[in-house]
Amino acid sequence: MQKHTTIHRKKRKKIRRRYLGWAVLVLFFSIAIFGIKDKMVQDIMAEDIEETIKVKDTTVSSEIYPGLNLTTSTKDLDLYTLSISHPTTEVEWMNEQINNWVEDQEKEFALTLEENQEILKENDFSGHLNIQTKTEKLADKIYSLELEAYELAGGASGSVKYKTFIVDLNTQEMLTASDIFNLEEEAIEETKELLRENLYEDEETSDYVFDDLFEEKIATTDHWRVTMTPEQANFYFDQYEVGAAAAGAIKVSIPMEEIQYYLNKEFTERIGLEVPEIEVPLDPEGKYVALTFDDGPHAEVTPRVLEVLADYDAKATFYMLGSQVEYYPEIAKRVEEEGHEIGDHTMSHKDLSRLGSAQVAEEIDRSTAFIEGATATSPKSLRPPYGALNDEVKRLSGERSLPIIMWSVDSLDWQSRNATAIYNEVMANVTPGGIVLLHDIHSTTADALPQILAQLKEQGYEMITVSELLELGEYEGVGPYHSVDY
Ligand code: ZN
């Protein structure tokens, strides 16, 4: 966080003529157009430039960006024109930081003009300095500011320079790299890698970049100049800073979905950015098991099951009956929202092997419709009631891209209705890649669950969904299932 510094600056002699009307503007334009330059050329000693007439200098507070004002000034002389627009805040030391940079640009511009005055005169050129600000609101009273100085002072093409600020007016801070980025070594390396990738993607620019200069510049996080939008982070490099003149000023943009993982957590919280957890790919050598809960959702048992699963950071698959989802759509929705998978267990729990083709289709489709109506998802697989199957059931589920999922461990919870017995049955039979059959309609199953999960974790198991288990492909021991490829 940058601290306040008081800087005494020489009071500039300014002839303020705030109230000059359009007539004067028109007059100046006329002078410029008629090109009466000789007299002015003699006047452009740096001192004199500071005394030139400031035609307009206004500050307007912003309705769109509360806490920010926009200060605008223009000078319109025959030798050069100047148009500056930059934000000011209610915080004096912040304004000084911004003003210092703006004034530095004016001074440098004046010096360049002075150096180039002969060329300007010969070629009948006039100089131009334009400073504009791009403002991005990141959160309430948190802004990202990009100041761009475009200077035309002798050469045929202009040059561009950038300055960036990210300000939090709530806490009166100007955020530095350490506030914005995760500065752990690994995170910095990932951020640099993203910078390289996104820079070299643009061949037109990267051809002119000197790799060693670029590396030198990004090595120290203090040198990072950054702005943010909700969509991306932008890094800035002035002309000549990392490459040949032809590259101009360089702006490297990194999409937010890529860089968000390497930002400071406090910063993402500050701007209300929800960073998804990095998806760790499943390890083919890992120890996984898929717990499945049939016959719900149940008004009392399912919420209890969900709480235990959350406590142990476990994901499961719920084979729901359409007739239950019809009564408890909110619970079905909660199951999905908590990251679990939903499967189809038919509409009314009939033995599909004893039904005609049309009835089987109806049993599957009606249940699917209730699940889709209650949640934002579709069932990912089918578990036929009683595990009862025939070729027609396989064909119809195949048509619907619903793999049929059986189980490798039957907890017998429907029979024993005893927590200890359920626990013993599961632990005696579970293997890596196993699919465990449970029912979220018996309170004894919910009673047994904390002990089962604790023991599975203890043994190094990770509890994942059926789809995740199937994605592991040839993973050894994946409990019996019938794929859709019949
Ligand atoms: Zn069932």
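Let's start with threonine 268, which counts as buried at 6% relative accessibility (buried is under 20% relative accessible area, exposed over 50%, and partly exposed in between, with a 1.4 Å probe and protein chains only). Threonine 268 sits in helix H11, residues 265-270. Helices here are DSSP runs of H or I with at least four residues, strands are runs of E with at least two, and both are numbered from the N terminus. Setting aside neighbours within four places in sequence, threonine 268 is in contact with Gln260, Leu263, Leu273 and Val275 (contact means heavy atoms within 4.5 Å).

A word on the source: this is a predicted model, where local features need pLDDT of at least 70 and side-chain atom pairs count only at pLDDT 80 or more, while totals for chains, interfaces and linings use all residues. Residues are numbered from 1 along each chain as its sequence is written, and side-chain values use heavy atoms, with hydrogens and water left out.

## Tyrosine 261 in the loop

Tyrosine 261 belongs to the loop between helix H10 (256-259) and H11. With a relative accessible area of 28%, tyrosine 261 is partly exposed. Not counting residues up to four places away in sequence, tyrosine 261 touches Val275, Pro276, Glu277 and Ile278. Tyrosine 261 and alanine 187 are 74 residues apart in sequence, yet 8.2 Å apart in space from C-alpha to C-alpha.

## A sheet of three strands

Now for an open sheet of three strands, which run in the order S8-S9-S10 with antiparallel pairing (two strands pair if DSSP finds at least two bridges between them). S8 (226-228) and S10 (250-255) are at the edges with a single partner strand each, so one side of each has no neighbour in the sheet. On average, neighbouring strands of this sheet are turned by 20° against each other, direction ignored.

Helix H7 (residues 185-201) packs on this sheet, touching S9 and S10, and its direction makes about 115° with that of S10. Axes are lines fitted to C-alpha atoms, for helices over the stretch in contact, and angles run from 0 to 180 degrees between N-to-C directions. S8 and S9 (residues 232-237) pair over three bridges, and threonine 227 has asparagine 234 in S9 as its bridge partner.

Strand S12 (residues 316-320) is mostly covered, with five of its five residues buried. Ala316, Phe318 and Met320 point one way from S12, while Thr317 and Tyr319 point the other way.

S12 has parallel pairing with S11 (residues 288-294) over four bridges, and with S13 (residues 341-344) over four bridges. Aspartate 294 stands opposite tyrosine 319, and methionine 320 stands opposite aspartate 344 in S13. S11, helix H12 (residues 301-311) and S12 make a right-handed β-α-β unit: with the strands pointing away from the viewer, the path from the first strand over the helix to the second runs clockwise.

## The zinc ion

Which residues coordinate the zinc ion? They are Asp295 (OD), His345 (NE2) and His349 (NE2), at 2.1 Å. Donors are N, O and S atoms within 2.8 Å of the metal (3.2 Å for Na, K and Ca), and water is not among the atoms, so sites may look incomplete. Along the chain, the donors of the zinc ion follow the spacing D-x49-H-x3-H. Histidine 345 counts as buried at 2% relative accessibility.

## The whole chain

The protein chain has 20 helices and 18 strands, and buried residues make up 47% of its 486 residues.
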